[in-house]
Amino acid sequence: MKAWLLKDFGLDNLVLDEAATPEPKAGELLVKVGAVSLNFRDKAIVDGIYEPHLVPKPLIPVSDAAGTVVAVGDGVTRFKVGDRVNSHLYSRWLDGEPGPNEPDYCFGSPLPGGLAEYMIIHEDSAVRAPDTMSDEEASTLPIAALTAWYSLVDYGQLQAGQTVLVQGTGGVSIFAVQLATALGAKVIVTSSRDENLEAVKKLGAVAGINYRTFPRWEEEVLKLTDGKGVDLLLDVAGGDGLNQSIAATKAAGRIAQIGFLTGQTTKLSLMPLIFRQTNIRGIAVAPRSSFDRMNAFLNQHAIRPVLDQVYSFEEAPQAYEHLARGAFGKVVITVS
Ligand SMILES: NC(=O)c1ccc[n+]([C@@H]2O[C@H](COP(=O)([O-])OP(=O)(O)OC[C@H]3O[C@@H](n4cnc5c(N)ncnc54)[C@H](OP(=O)(O)O)[C@@H]3O)[C@@H](O)[C@H]2O)c1
């Protein structure tokens with residue numbers, strides 16, 4: 001099969017090549033990949049800054065895929081040839097709390113990903129792709145949408161009428177705006193671009209703050225929330241900005257610590273955290289059961305993923321470069 005192989009770190013070492021078409025073992029599905037979408041994780045893996053010790057070389061990269069089952073291994077009962085499925089990043093985390101070694105079983109490193117004509121997905125971890133979505137649309141769900149959903153619903157327990165803050169206008173955050181709005185919450189968004197703040201208002205956000213114009217954006221959040229702060233904050237920026245997130249969240253409110261765009265370490269001031277009694281939970285996507293519940297909600301509310309641009313299979317490096325420049329919503333690659 002045709003496959004993009006990451007032979008060493010760096011985008012120059014991502015090469016279009018041939019690889020053996022995998023064969024499904026007992027319990028596994030062979031999936032003809034229709035489309036994949038890129039996440040910050042995929043770029044960070046190529047750059048060698050995301051758990052580099054776990055990255056096999058060569059690697060078929062990209063975790064998030066949608067496609068069609070073309071063969072099944074012995075004993076498969078959940079899916080049949082012809083079904084459309086999604087990959088699920090944490091392929092062994094099916095329900096409840098995570099086990100201690102979930103990152104060892106992630107697609108797109110260390111397991112082979114979807115940037116190839118075919119991929120193997122175990123039937124237990126595969127998720128039925130929404131009938132209403134194309135493969136390009138469905139490919140955006142496994143990390144970006146599901147991380148937003150788990151943060152808002154499973155962890156955040158977000159209720160209609162509550163206020164949530166979403167940082168930036170990348171993949172996770174745009175889904176968070178759409179999902180939280182559909183849940184009846186009021187969404188405040190921060191972005192470095194005024195035009196993106198206008199665009200998120202069309203998706204339902206009630207207010208936007210440019211974090212370049214207002215580097216003390218937490219003060220603007222307090223003005224918008226009667227001095228109290230938001231009920232729930234989705235932090236994708238990480239770094240020392242976590243202190244601002246604590247200040248922008250109400251007393252005993254919740255922060256979902258999702259990302260590390262500005263840094264993987266933080267210098268945390270403990271006294272505000274203690275006095276505000278903030279709950280901070282690290283988020284690592286979600287179990288498969290949450291994915292199933294999310295897809296039902298997406299169908300019910302007719303939510304369509306926001307695609308910034310769709311690239312052809314041969315244009316995969318350009319898709320990575322697009323993500324690095326910044327995207328509004330998702331960058332997608334059609335595979336077949
Ligand atoms: N833990 C998990 O389960 C999980 C899952 C998914 C993603 N993540 C992490 O979450 C982060 C975002 O992922 P993504 O895939 O959504 O990325 P993405 O699509 O590349 O989006 C990045 C966006 O973040 C915004 N941003 C950058 N610096 C910011 C800052 N200082 N303050 C506020 N916003 C900032 C920018 O928005 P503007 O252009 O509007 O400024 C940028 O477009 C990454 O660190 C990723 O690794 C974690």
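Where is Glu51 found?

Modeller: Glu51 sits in the loop between H1 and E4. (Helices, H or I with at least four residues, and strands, E with at least two, are DSSP runs numbered from the N terminus.) This is a predicted model, in which local features need pLDDT of at least 70, side-chain atom pairs count only at pLDDT 80 or more, and totals for chains, interfaces and linings use all residues. Residues are numbered from 1 along each chain as its sequence is written, and side-chain values use heavy atoms, without hydrogens or water.

Glu51 is not a glycine, although its phi is positive, about 40 degrees. The loop between H1 and E4 (64-72) also holds Pro58. The bond joining Lys57 to Pro58 is a cis peptide, with omega of about 0 degrees. A cis bond also links Ser109 to Pro110, where omega is near 0 degrees. Pro110 lies in another place: the loop between E5 (84-86) and E6 (118-122).

Now step back to H1, residues 40-47. H1 packs with H10, residues 316-325, at an angle of about 110 degrees, and their axes are 10 Å apart. (Axes are lines fitted to C-alpha atoms over the stretch in contact; angles run from 0 to 180 degrees between N-to-C directions.) So H1 is roughly perpendicular to H10; that label covers 65 to 115 degrees, while under 35 is roughly parallel, over 145 roughly antiparallel and the rest oblique. On the H1 side, Phe40, Asp42, Lys43 and Val46 meet Tyr320, Leu323 and Ala324 of H10. (Contact means heavy atoms within 4.5 Å.) The classes here are five nonpolar, no polar and two charged residues. Ala, Val, Leu, Ile, Met, Phe, Trp, Tyr, Cys and Pro count as nonpolar; Asp, Glu, Lys and Arg as charged; the others, Gly among them, as polar.

Next comes H3. H3 packs with H9 (residues 288-300) at about 90 degrees, with axes 10 Å apart. H3 is therefore roughly perpendicular to H9. Among the residues that meet are Leu146, Trp149 and Tyr150 in H3, and Phe291, Met294 and Phe297 in H9. This contact has 10 nonpolar, two polar and two charged residues.

The ligand is surrounded by 25 residues, and the closest are Thr169, Ser191, Ser192, Tyr211 and Ile283. (A residue counts if one of its heavy atoms lies within 4 Å.) The shell has 13 nonpolar residues, 11 polar and one charged.

Some contacts are polar, meaning a pair of N or O atoms within 3.5 Å. A side-chain N or O atom of Thr169 is 2.5 Å from a ligand oxygen. A backbone N or O atom of Phe260 is 3.1 Å from an oxygen of the ligand. A backbone N or O atom of Ile283 is 2.6 Å from a ligand nitrogen. Alone, the ligand exposes 920 Å², and the protein buries 88% of that, by the Shrake-Rupley method with a 1.4 Å probe.

How values were computed:
Polar contact = N/O pair within 3.5 Å; in protein donor to acceptor, adjacent residues only side chain to side chain.
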